[in-house]
Structure formats: C-alpha cells, structure tokens
Amino acid sequence: MSDRLAVSACMSVMMMAIYVLFGADAARVPLGPPESLTPSISATAPGLPTDPGRLLPLPR
C-alpha cells in the first residue's frame, strides 16, 4: 500500500469516527448500568393460519 493511500485511509477513518462521536445528530445515551441500555419492549409474532395453503392460492 502506498504511503499516500495509507494516510488517506487513516484520515478517512478518523474523520468518520469524529463525526459519529461528536456530530450534531449523535445519540446521547446516559451512562449507567448495562441493564438500563436494554430496551423494555416486547413483541409477539403472529401465528400461522391453520391452513397455510390459503396464503398462496394456486389453480388446480
């Protein structure tokens, strides 16, 4: 890898990290125990119909 390409890649990674960490739209998460970072959302998957053939009607 050429020196110019290595310097360019390093600067690109550093600028992206700075943008993510200090950008205007960066997420602000309060520091605390790891349990506070887990979402308290629960969802259930819908059940399958008793006759799965109804989902894709094919001519017989």
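Which residues make the nonpolar surface patch of about 470 Å²?

Modeller: The model is a predicted one, and the patch in question is formed by M15, I18, L21 and F22. One of these residues, M15, belongs to helix α1, which covers residues 3–22. The chain contains one helix and zero strands. M15 has a relative accessible area of 53%, and it therefore counts as exposed, since the cut-off for that class is over 50%.

Of its 60 residues, 3% are buried. The chain has an accessible surface of about 6,300 Å², and carbon and sulfur atoms account for 68% of that surface.

Finally, the segment before α1 includes S2. With a relative accessible area of 44%, S2 is partly exposed, because this value falls between the limits of 20% and 50%. A polar atom in the side chain of S2 is 3.3 Å from the backbone nitrogen of L5. In summary, the patch consists of M15, I18, L21 and F22, and M15 is an exposed residue of helix α1.

Note on methods: Residues numbered from 1 in each chain as written. Predicted model: local features only at pLDDT ≥ 70, side-chain atom pairs only at ≥ 80, totals over all residues. Heavy atoms only, no water. Helix = DSSP H or I, 4+ residues; strand = E, 2+ residues; numbered from the N terminus. Buried < 20%, exposed > 50% of the residue type's maximum accessible area, 1.4 Å probe, protein only. Areas by Shrake-Rupley, 256 points an atom, 1.4 Å probe, with all protein chains shown as cover. Patch = residues over 30% accessible without salt bridge, like charges linked within 9 Å, V, L, I, M, F, W, Y side chains within 5 Å. Salt bridge = Lys/Arg side-chain N within 4 Å of Asp/Glu carboxyl O. Polar contact = N/O pair within 3.5 Å; in protein donor to acceptor, adjacent residues only side chain to side chain.
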